[in-house]
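Have the sequence and the 3D view handy as you read.

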Amino acid sequence: MDKLYSQFLRRLLFLGALQIVLLLVLISRMAYLQVVQEEHYKVLSEGNRTAVEPSLPPRGRITDRNGVELATNRTSFRATFHKDGKTKLKDILPELEHVITFSEEEKTELLEKDQRTRGIQPLLIKDSLSWEEVSALELHSQKLPRITVELALQRFYPEKEISAHVLGYVAAPSQREVGADESLAIPGLMYGKVGIEKMWDDHLRGEMGYKYLEVNARRQVVRELEHSPGIPGENMSLALDQRLQNFAQKRLQEFESASLVVVNIETGEILALVSNPSYDPNLFPDGISHLNWRNLMDNPYVPLTNKAVSGTYPPGSPMKTLVILAGLESGVITKDTTFFCPGYHYVGNHKFHCWKKGGHGTINAVGSIRESCDVFLYETAKRLGIDRISQIYKQFGFGEKVLGNFPHEKPGLIPDKDWKKESKGENWTVSDTIMTSIGQGFVLTTPIQLAQMMARLASHGKEIDLSLVKGNPQNGFQEMGLNPKNVDIILEAMTEVTNDPRGTAYAYRILEASYAMGGKTGTSQVRRITDQQRLSGQTKTHHLPWKYREHGTFVGFAPSDHPKYAVAVVIEHSAGAAPAAQVARDILQFAQKEKI
């Protein structure tokens, strides 16, 4: 009996001890959860009760130098799907299609977006709703409780095609762009794709705001707790003058494909930058239609390409001014040096032609620029060598980007011995030097580089940097270290190009003396002229299909006695420089008369 009682007592004590241990564990756990983990579970609890929605701030406006709006925001209506964690877009899409028309492509994209969207993040269904669509959605609101109509700000470009290549456009970020920055995944966010919109996207976009919402257990919004509107994007004032930009755009519309850049020589500000044909950037913010996209992509004159900064062309004769300047600077020629031009020049067995079949006769440095004599350049180039020619080209900014990080700008190409060895596996030849000296051969430049070259020459040798933004923060420009007398010789020759009856652009001069311009014509071949064609006089290309005609170029400045404006015009396949010279004349005349 005693033995049984003792055994019962031990078991009773064991169970009592076990209960005490379990009780202590339970108390410890409760203390851990309520004291140590208090803040953690408080946050989780708050998260179940609240939700956060991003709030898009207004994107910064872009204006021209006089405050004319080039890119702004306008109010529009948009439909948004608010998720509750259970309802899928595919469940309500059939009903929604009775109200809003979707293409099969749009439906597929929306359903994919719905699958990718996490939590209760709202999904943008359609922007820029018509008034009929807004009315219909309100009418069907009982059947579509999770679809709301909201006011939104939509990017708008009031000048449409004018300035499109400078501004660029915005659109919803692609998956690749979102992958690099998850903050871009916010519904309705517009992202700069090209141009200033892309270059300054961080500044224009501003800082995101947030709406703090109270939600119930089904994640339905009960009320708005707090709204932080964010910080609006910065406004930007460009150096462009919309009057000049508009005039230049219309002037270039006469040609299939062309571009130009106008610069204020005193400040480096770009007053006009035009590429033709252009496009309407308003096509993109809502998502461009397949038809409009195909029309742009199938256009043989590539309207989406900004040719002023991305178009690379053999520049032709404007480069002669720099070769003559290099000759004067190095002393291999003087202002009085003369060469005889019979209309051709032999290097070994190869015959290089002057554009003037009968030759220019005896001609000096000023005359060689005024009348664009090729043979004078051939002789000067042989004495200089490619190293000094390449050096002065690069000194004037060729071979590198002018605007730095402007989207899609090309650096062009200034060839030298090392480049040819590395890229072609061949040694440099005298023939290469001769072709380079007249802006042909391997040389490629962009119109904006030509405008910068002209600005540096017309400023009497100052290292002018170009800027698209008003109020270029330069405190004067550095001297390039050139002899002012030599630069004066070049400017004297360029003034004679347009104001001396022997000049190649005399027919396109500005008649009012106070507005007179100087400049240099350029014609660059896109096909080789055979000896047989040359002998038969078939050097003109007006009769050929457009793509086989020469490019026409003109660089100029005005007024000629105290330059303020520099311009570069490139007209693709214009069969000569005359159209480019006429456009430059009209542009410089307009800028001076309007006191831009």
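Start with arginine 78, which sits opposite glutamate 150 in S5. This is a predicted model, so to speak of local features pLDDT has to be at least 70, side-chain atom pairs count only at pLDDT 80 or more, and totals for chains, interfaces and linings use all residues. Residues are numbered from 1 along each chain as its sequence is written, and side-chain values use heavy atoms, with hydrogens and water left out.

S3 and strand S5 (residues 147-156) run antiparallel and are joined by 10 bridges. Strands pair here if DSSP finds at least two bridges between them; the strands themselves are DSSP runs (E, at least two residues), as are helices (H or I, at least four), and both are numbered from the N terminus. S3 also pairs with strand S4 (residues 123-126), again in the antiparallel sense, over 3 bridges. There, phenylalanine 81 has leucine 123 of S4 as its bridge partner.

## The S2-S3 hairpin

Strand S2 (residues 62-63) pairs with S3 (residues 69-81) through 2 bridges, in the antiparallel sense. Look for isoleucine 62 across from alanine 71 in S3. The hairpin has 5 residues between its strands, and glycine 67 takes a positive phi near 90 degrees in it.

## A five-stranded sheet

Now for another part of the model. Here 5 strands make an open sheet, ordered S12-S11-S19-S18-S17, with antiparallel pairing. At the edges are strand S12 (270-276) and strand S17 (518-524), each pairing on one side only. On average, neighbouring strands of this sheet are turned by 5 degrees against each other, direction ignored; axes are lines fitted to C-alpha atoms, for helices over the stretch in contact, and angles run from 0 to 180 degrees between N-to-C directions.

What packs on the sheet? Helix H19 (residues 447-458) does, touching strand S11 (258-264), S12, S18 and strand S19 (565-571), where contact means heavy atoms within 4.5 Å. The direction of H19 makes about 150 degrees with that of S19.

## Arginine 585 in helix H22

Last stop: arginine 585, found in helix H22 (residues 578-593). Leaving aside neighbours within four places in sequence, arginine 585 is in contact with Ala507, Tyr508, Arg509, Ile510 and Met517.

The side chain of arginine 585 also makes a polar contact with the side chain of aspartate 586 (3.0 Å). A polar contact is a pair of N or O atoms within 3.5 Å; within protein, one must be able to donate a hydrogen and the other to accept it, and residues adjacent in sequence count only if both atoms are side-chain atoms.
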